[in-house]
Amino acid sequence: MPRRRAATTLASSLFTLLATTAFPALAEDPAAYPTKPITIVVGYPPGGSTDLMGRLVGTELSNRLGQPVVIENVGGAGGTIGAQKVANAAADGYTLLVGANNELAIAKLVTKNVKYSLNNFTPVGLIGSQPMVLVASTKSGVKNANEFTQLVKKNPGKFSYGSSGVGTALHLAGEMTKEQGGLFMTHIPYRGVAPLTNDLVGNNIDFGVFVLSSGLPHIKSGKVIALGTTEAKRSQATPDIPALSEFPQFKNVDITSWFALMGPANLPQPIAAKLKKALNEALQSPDFRKKMEAAGSGVASPDVDMGKFLNSEIAKYTKIVKFAKIEE
């Protein structure tokens, strides 16, 4: 009897081994998606504008897809470490990216170390955008974009402007302004918005570029002077601040900080369709719009053709990068 039981146990073990090696577990049916929590990767620490977008979108997706959505902050290298993680992830819809133009469209143009491209992602949809704003320190003495232009043109090379780093959307907005206005200024890259703010408020630098939501508290307090926003039209969040494009010398300035939901390449169509439907429903939700506007961001149209949008943005950035000779 012991031998018979041993033989039975051995046969059972061999059958289990063969079953698990010869017949691996079947992949989840895309039509059943999602059946477990989803992770949204954000390539920045908590508290920034991209992190906020990720959390707002995560809540909306969770409500509409019926599964928890977890935010994973993978900071470093201007968002590219987080983007690379998603590019390398399984194309099953359980690892997504809420990314900004810095890591999705600009980094590849200025940094040789970036190994991924847009071909490594499946675009789900555009979430929203907000303009940047050109500001002046109180010591500069300028009150508007015309005075700014006159001062810098009379003193080529004397003045500097700061941004949150080389190759960021803020840097490119500053260079676009220089190109359009025919201005000669030096770019001073800072390691984030906080040290830039300190130097502008402390009158250690004359000009700077902020994302609107970051600059607004300092504009309202009078610590810096708003010269103009960088989108083609005035922001609904700040109708009293003119767009730079309203001034003839800057009529073609049009650049924003935008945010998009992306999955890894080759995301199955049924999964991509479910995510897109959930995102589009969020974009049309009055509650979501209210939260986005409170964060200083406009909401994207659900009808945006992501392929055309991304290609046009990259073409725009390529021109600026070549003009400014930006390279890391």
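The structure is a predicted model, in which local features need pLDDT of at least 70 and side-chain atom pairs count only at pLDDT 80 or more, whereas totals for chains, interfaces and linings use all residues. Residues are numbered from 1 along each chain as its sequence is written, and side-chain values use heavy atoms, with hydrogens and water left out.

The protein has 11 helices and 10 strands, assigned as DSSP runs (H or I of at least four residues for helices, E of at least two for strands) and numbered from the N terminus. Along the principal axes, the C-alpha atoms fill a box of roughly 100 × 40 × 35 Å. Of the 328 residues, 49% count as buried (under 20% relative accessible area, with exposed over 50% and partly exposed in between; 1.4 Å probe, protein chains only). Among contacts with a separation of 6 or more, 77% join residues 24 or more positions apart, a contact being heavy atoms within 4.5 Å.

Two packed helices are described by the angle between their axes and the distance between the axes. The axes of helix α4 (residues 101-110) and helix α11 (residues 306-324) come within 10 Å and cross at roughly 45 degrees, where axes are lines fitted to C-alpha atoms over the stretch in contact and angles run from 0 to 180 degrees between N-to-C directions. The two helices α4 and α11 are therefore oblique to each other (angles under 35 degrees count as roughly parallel, over 145 as roughly antiparallel, 65 to 115 as roughly perpendicular and the rest as oblique). In this contact, Asn101, Ala105, Ile106, Leu109 and Val110 of α4 meet Ile314, Tyr317, Thr318 and Val321 of α11.

The axes of helix α6 (residues 169-181) and α11 also come within 10 Å, crossing at roughly 70 degrees, and α6 and α11 are therefore roughly perpendicular to each other. Leu172, Glu175, Met176, Lys178 and Glu179 of α6 make this contact with Lys316, Tyr317, Lys319, Ile320, Val321, Phe323 and Ala324 of α11.

Thr256 lies in strand β9 (residues 256-264) and is buried, with a relative accessible area of 10%. Leaving aside residues up to four places away in sequence, Thr256 touches Asn101, Ser129, Gln130, Pro131, Met132, Glu231 and Tyr317.
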